Amino acid sequence: MDTLLRFFKKHNLEFINKTFVLAVSTGIDSSVLLDMFIKFRNEFKINIVIAHVNHHRRAQSEIEKDYIINYAKEENIKCVVKDLYFEKTNNFQEEARKRRYMFFEEVIKEVNGDYLVLAHHATDNTETVLMRILRGSSLKGYAGINSYNSINKNDLKYQIIRPLLELSRSHIKKYQEEYNVRYFDDESNFHNDYTRNRIRNKVLPVLSKETSNLDQKILEFSNTLYQASLIIDNKRDEIIRNKVIFDGDLIKFSRSDFYKLDSFMQEEILFELLKCFQLSKANILELIKLIYSKNKNYYICFKNLFGFSLSYDLVTINKNVNEKTEDNSLKDFSLIIDDFGKHINESYIVNDTFNINVTKIEQFDITNLYQMCYNIDDLPITIRTRRDGDRIKLSNGYKKVNDLFIDLKISKEERNNKLLVVDKNNEILMIFGLRKSEVLKSIKLKEENIIKISLEENRRV
């Protein structure tokens, strides 16, 4: 009870007659949190609601669900349960997190809640900070987990609070033993399939040997970075207000204005503009590289998350474009290679699978259907997806690209992902992986003045 009272006073938060929605998984952390709030309710006038999620990933989850429902009845606490089912996903943890928070907000709306209470503690924060150092993040991201966040949406206002954030895992275990709090162990926490678990099970024991109060040291580090981030955020937000245009799902800004910013502020602005996608620092640096490229016109669905396009000085991000569809097509991809000095030894992202690479060469393989050699003096060329009416010159004359696809039994999905190379007169020179045009074969290449354009597998992690 003292822990909660100190937390509310420290952050100047009202609690009398307020409704607290507690995310309770029945693990040790949330079970201790629930026990603290029940004792607090017996002393002060507050309302408690339990929100429990059954992910259906373990046989024991049904036992845990039944337990929390019955326990809530005994304690006269409203309990709302959500059953989540998952098809095959590449990132279960991220998808589960998003769906949990959607559920929590549904509960807050239903009960008119004031606070969403989460059981994150100091050791969780230590793990989070280390994970973000490894992954790369914004300044505020490096600061770790916040004690509280205010959520202000059109139809919903509440605060997320983490009253246990200054308590280490050992303190929570001590409380559990002292008050005999029942909880359930999630055996997946002991597996090293996830980064957090590896940090918890392998890294923290080593670091803890160097200091007896690792969690508190990291909390101090977090607080220092958080305070610094508030100063940076004010400057960042001022730049965004003055230089960024928001038009529905579209975000627009000038490349030349972006170039005037120092590299740190560039990263912070992109982190903020795209925070809903939870990009890594490596992702942000990829975007900055694209912005700094000399290509005048360029489009990509970045990581199958959002549309990113360049049109001369204008950068446009479409947050509503998501090409993770059934056909996973590239749709309107377009890349112009326009002069020698700008594009030698350049790499451009097509999608998570392929890059376009441009290099100067002296020797080449004219039979390779995934690369094309071209005279620098004959630039520009454009690499793009197919369009209605496209025709390619073959040995027996011109043929519609769509008819060629049919002849070669190319599936609809493959058709949408085939990239064409066209010259400045819109003459198709080749279709990567399928055919080279007779026009391309007739071009006489000039020694020491040749570039190679290749479609290559993206090997970045």
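**Ground rules.** I count residues from 1 along each chain as its sequence is written, and for side-chain values I use heavy atoms, leaving out hydrogens and water. Because the model is predicted, I need pLDDT of at least 70 for local features and 80 or more for side-chain atom pairs, while totals for chains, interfaces and linings use all residues.

**Entry: partners of E9.** Which strands pair with E9? I found E10 (residues 306–311), antiparallel over six bridges, and E12 (residues 334–337), antiparallel over two bridges. Pairing here takes at least two DSSP bridges between the strands. Phe 302 is bridged to Phe 306 in E10, and Tyr 299 to Ser 334 in E12. E9 and E10 form a hairpin with three residues between them, and Lys 303 in the turn has a positive phi of about 55 degrees.

**Entry: helices H5 and H9.** I then turned to H5 (residues 122–135) and H9 (residues 214–243), which pack at about 65 degrees with axes 9 Å apart. The axes are lines fitted to C-alpha atoms over the stretch in contact, and angles run from 0 to 180 degrees between N-to-C directions. Among the residues in contact (heavy atoms within 4.5 Å) are Val 129 of H5 and Phe 221 of H9.

Note on methods:
Helices (H or I, at least four residues) and strands (E, at least two) are DSSP runs, numbered from the N terminus.
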